[in-house]
Amino acid sequence: MKIIVSAKNIELTPGLEQYISEKINGLSRLIRLYEESGVAETRVEVSKTSRHHKQGEVYYAEANLKLPGSILRAESTSLDMYSAIDEIKDELARHIKAYKERRSAKRRRSARLLKEKEMR
């Protein structure tokens with residue numbers, strides 16, 4: 001899976017970039033089929049919500065995962081950058097499972113209609 005990481009209002013350290021890559025690559029087991037064909041691409045952006053906020057939920061993480069026929073999006077604001085990244089990973093996992101279920105349901109529905117058509 002291709003992962004593109006960008007940062008805004010924050011320094012992107014090698015440790016942070018490695019943490020993001022590890023978390024997002026953990027999703028590759030869910031999208032193995034699309035990853036093998038080379039169509040899966042993830043864009044991750046991490047930032048501070050603004051330069052002047054010092055406390056509260058000031059860290060922001062956003063991820064866009066391109067799959068055939070749709071773009072899955074997750075975003076999170078948190079007190080800590082690492083927890084925001086964990087939250088987008090969990091949200092993307094939920095979106096991927098729903099995406100796969102929709103695609104398999106569509107396939108089953110098509111097969112059922114074809115079988116009914118043959119029975120007539």
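Helices (H or I, at least four residues) and strands (E, at least two) are DSSP runs, numbered from the N terminus. The model is predicted: local features need pLDDT of at least 70 and side-chain atom pairs count only at pLDDT 80 or more, whereas totals for chains, interfaces and linings use all residues. Residue numbers start from 1 along each chain as its sequence is written, and side-chain values use heavy atoms, with hydrogens and water left out.

**View 1. Ser47 in strand S2.** Ser47 is a residue of strand S2. Its relative accessibility is 5%, so Ser47 counts as buried (buried means under 20% relative accessible area, exposed over 50%, partly exposed in between, with a 1.4 Å probe and protein chains only). Apart from neighbours within four places in sequence, Ser47 is in contact with Lys8, Ile10, Val58, Tyr59, Tyr60 and Met81; contact means heavy atoms within 4.5 Å.

**View 2. The four-stranded sheet.** The open sheet consists of 4 strands in the order S1-S2-S3-S4, with mixed pairing. Two strands count as paired if DSSP finds at least two bridges between them. At the edges lie strand S1 (2-8) and strand S4 (70-78), each of which pairs on one side only. From one strand to the next, the twist averages 15°; angles run from 0 to 180 degrees between N-to-C directions, and axes are lines fitted to C-alpha atoms, for helices over the stretch in contact.

**View 3. Pairing of S1 with S2.** Strand S2 covers residues 41-48 and runs parallel to S1, to which 7 bridges join it. Ile3 has Thr42 in S2 as its bridge partner.

**View 4. Helix H3 against the sheet.** Helix H3 (residues 81-119) packs on the sheet and touches S2, strand S3 (59-67) and S4. The direction of H3 makes about 150° with that of S4.

**View 5. The whole chain, for orientation.** The chain has 3 helices and 4 strands, in the sequence pattern β-α-α-β-β-β-α. Its radius of gyration is 18 Å, well over the 14 Å given by the globule rule for 120 residues, so the chain is more spread out than a compact globule. This radius is taken over C-alpha atoms, and the rule is 2.2 Å times the number of residues to the power 0.38. Along the principal axes, the C-alpha atoms fill a box of roughly 70 × 25 × 15 Å. Of the 120 residues, 30% count as buried. Among contacts with a separation of 6 or more, 51% are between residues 24 or more positions apart.
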